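Here are my notes on the model you sent over, point by point. Keep the structure open while you read, and look up each residue as it comes along.

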Amino acid sequence: PLPSPPLPSVHPYLCDTGPYLPGWDWKVMESDANQANSVLSADSQHDPCKMFVGGLSWQTTQEGLKEYFCKFGDVKECMVMRDPVTKRSRGFGFVTFVDQTGVDKVLAQPRHELDSKT
C-alpha cells in the first residue's frame with residue numbers, strides 16, 4: 001500500500017534549521033525558498049510570531065487561513081503560497097501573529113482541521 005500523505009503541520013517558522021518536527025520530511029525546494037524569500041524580509045524569517053503552516057488543502061484561501069487562525073489571537077499577516085505560473089495553491093503558507101501568545105495557543109492544540117484537512 002502507498003503511504004498516507006503527511007498531515008497538516010503547524011509550527012513556528014524557522015527558515016534555516018532543517019526539518020521542523022520529528023518525522024516530518026517535507027523540504028523547501030529552491031523555487032519555494034525563492035518565492036517565500038521574495039515576500040518575506042530577512043527579519044521576518046526569524047520572527048517568533050511567524051508560523052509555517054503545511055499540508056493545506058488546495059482550496060484553502062488566504063482569507064480562510066486568516067479566519068481559522070484568528071481564533072488563536074490577532075493575526076498581523078497571513079499568506080498562502082501559490083505557483084507563480086498556475087496561481088494554484090502550493091499547499092503551504094505562513095501566519096504571523098501580533099504577539100507570541102497566538103503561536104503558543106496554536107501549538108497547545110494537538111489537532112487542527114481546515115477545509116476538511118486535519
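**Notes on the model**

1. Phi of Ser116 is near 65°, which is a positive value in a residue other than glycine. With 69% relative accessibility, Ser116 counts as exposed, since the label needs over 50% relative accessible area, while buried means under 20% and partly exposed is in between (1.4 Å probe, protein chains only).

2. Before going on, a word on what you are looking at. This is a predicted model, where local features need pLDDT of at least 70 and side-chain atom pairs count only at pLDDT 80 or more, though totals for chains, interfaces and linings use all residues. Residues are numbered from 1 along each chain as its sequence is written, and side-chain values use heavy atoms, with hydrogens and water left out.

3. Now the overall plan. The protein has three helices and four strands, and from the N terminus on they run β-α-β-α-β-β-α. Of its 118 residues, 37% count as buried. The protein exposes about 7300 Å², and carbon and sulfur atoms supply 54% of that (areas by the Shrake-Rupley method with a 1.4 Å probe; for residues, only the protein chains shown count as cover).

4. What about contacts along the chain? Taking contacts (heavy atoms within 4.5 Å) with a separation of 6 or more, residues 24 or more positions apart account for 65% of them.

5. Which residues have the most contacts inside the largest nonpolar core? They are Leu65, Phe69, Val95 and Phe97, in a core of 15 residues. A nonpolar core here is a set of buried Ala, Val, Leu, Ile, Met, Phe, Trp, Tyr and Cys residues joined through side-chain atoms within 4.5 Å. Strands S2 (50-54), S3 (75-82) and S4 (89-97) and helices H2 (62-69) and H3 (100-108) each supply at least two residues of this core. There is also a second, separate core of five residues, which includes Phe52, Met79, Met81 and Phe94.

6. Take a look at H2. Its buried residues are Leu65, Tyr68 and Phe69. They cover an arc of only 90° around the axis, so they are on the same side of H2 (the arc is that of the directions from the helix axis to the C-beta atoms). Glu63 and Glu67 are exposed on the other side of H2.

7. H3 can be read in the same manner. Gly102, Val103 and Val106 are its buried residues. Because their arc around the axis is only 100°, they lie on the same side of H3. At the start of H3, a side-chain oxygen of Asp99 comes to within 3.0 Å of the backbone nitrogen of Thr101. That is a polar contact: a pair of N or O atoms within 3.5 Å, where, within protein, one must be able to donate a hydrogen and the other to accept it, and residues adjacent in sequence count only if both atoms are side-chain atoms.

8. Is Ser89 buried or exposed? Ser89, in strand S4, counts as buried at 4% relative accessibility. A polar atom of its side chain lies 3.0 Å from the backbone nitrogen of Gly91. Leaving aside neighbours within four places in sequence, Ser89 is in contact with Ser57, Trp58, Val80, Met81 and Arg82.

9. Last, the loop between S3 and S4, where you'll find Lys87. Phi of Lys87 is near 65°, a positive value in a residue other than glycine. Lys87 counts as exposed, at 53% relative accessibility.
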